[in-house]
Amino acid sequence: MGCLKLGIPKGSLQDSTIELFAKAGWRISVSSRSYYPGIDDPEIECMLVRAQEMARYVESGALDAGLTGKDWIVETGAGVEEVAELVYSKTSLGRVRWVLAVAEDSAAQSVRDLEGKVIATEVVRLTEKFLEKNGVKARVEFSWGATEVKVPQLADAIVEVTETGASLRANHLRVIETLLESAPWFIANRNALKDGWKREKIENIVLLLEGAIKAYNRVGLLLNVRREDLNNVLNALPALRNPTISQLSDPNWVAINTIVEEKIVRQLIPKLKAAKAEGIVEYPLNKVVY
């Protein structure tokens, strides 16, 4: 039996990654004393690895595949195969941004105003490339953490990751540039992809992970309607794709099955009822695979 060595990101993405795998059909169990989580698939061996280091270990072959942010692929410059972008994060289904920020009362309005200044960041390589692209010379210092508090006493500006901007605002910082938008990627070792069994395993995992992401914030609706009222109901129904319409035992009635955004259901169900739909059932989704 083959075995795929899979890296699970340790840290801020850990819980949302494990939740995503659960939606996709894999149960991962993490022990506080081990970096080797259990998984209910004998063909996968998991290892917890910091997202910052994931690409390097996948490139070297220590791992066959893993999940990490686009930011860390760029920062490390690792030669890996970027198989699929999986847009999920610790709080939402959105991308994070690496931004250049200064104190609220700073005179700086763009990166060009930071000539000769000090910039603190965890992504030194990314920041240096951005400065070079804009023809700016500044000193970039590596930050081990708590980067937001370093302005203005320890640095003139910072490059920091943000999802909502709340932490930057709380520390009285103002964003002046965006360097990169980033989302998690499923990456693979290039030699691993040359192995037919590993390639198929990776493709199947990605297929189900993408299906789980498509199901986030969506629900299924099942309802019955008389044929004479079908057009009115269909006009009220915003479908992900054309809804499935099935004949019921009574030739005058049909059943409709469709997928919609969960946030619109509270407005949609009363409209469907007004259009004479009956037996309306809302049900949760784990995966949507086309």
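Which way do Val118, Ile119, Ala120 and Thr121 point from strand 8, and are they buried or exposed?

Mentor: This is a predicted model, in which local features need pLDDT of at least 70 and side-chain atom pairs count only at pLDDT 80 or more, while totals for chains, interfaces and linings use all residues. Residues are numbered from 1 along each chain as its sequence is written, and side-chain values use heavy atoms, with hydrogens and water left out.

Strand 8 covers residues 118–121. Helices (H or I, at least four residues) and strands (E, at least two) are DSSP runs, numbered from the N terminus. Val118 and Ala120 point one way, Ile119 and Thr121 point the other way, and all are buried. Buried means under 20% relative accessible area, exposed means over 50%, and partly exposed is in between (1.4 Å probe, protein chains only).

Strand 8 has two partners to look at. Strand 9 (residues 139–142) runs parallel to strand 8 and is joined to it by four bridges; two strands pair if DSSP finds at least two bridges between them. Isoleucine 119 has valine 140 in strand 9 as its bridge partner. Strand 10 (residues 157–162) also pairs with strand 8 in the parallel sense, over three bridges. There the partner of threonine 121 is valine 159.

With helix 4 (residues 124–133) between them in the unit's path, strand 8 and strand 9 make a right-handed β-α-β unit. Right-handed means that, with the strands pointing away from the viewer, the path from the first strand over the helix to the second runs clockwise.

Now the wider setting. The largest nonpolar core has 29 residues, of which Leu6, Phe21, Phe186, Ile202, Ile205 and Leu209 touch the most other members. Such a core is a set of buried Ala, Val, Leu, Ile, Met, Phe, Trp, Tyr and Cys residues joined through side-chain atoms within 4.5 Å. Elements that each supply at least two residues include strand 1 (4–10), helix 1 (14–24) and strand 12 (184–188). Helix 6 gives the most, with six residues. Apart from this core lies another, of 21 residues, among them Ala51, Val123, Val124 and Leu179.

Helix 1 also holds alanine 24, which is buried at a relative accessible area of 4%. Alanine 24 touches Leu208, Leu209, Ala212 and Lys287, not counting residues up to four places away in sequence; contact means heavy atoms within 4.5 Å. From alanine 24 to lysine 287 the sequence separation is 263 residues, yet their C-alpha atoms are 6.6 Å apart.

Helix 8 (residues 265–274) shows two sides. Val265, Leu268 and Leu272 are buried. They cover an arc of only 60° around the axis, so they lie on the same side of helix 8; the arc is that of the directions from the helix axis to the C-beta atoms. An α-helix has 3.6 residues a turn, so residues three or four places apart point the same way. On the other side, Arg266, Lys271, Lys273 and Ala274 are exposed. The buried residues of helix 8 pack against strand 13 (218–226), helix 7 (230–235), strand 15 (253–261) and strand 16 (278–284).

Strand 15 contains valine 254, which counts as buried at 0% relative accessibility. Valine 254 and valine 49 are 205 residues apart in sequence and 51 Å apart in space, C-alpha to C-alpha.
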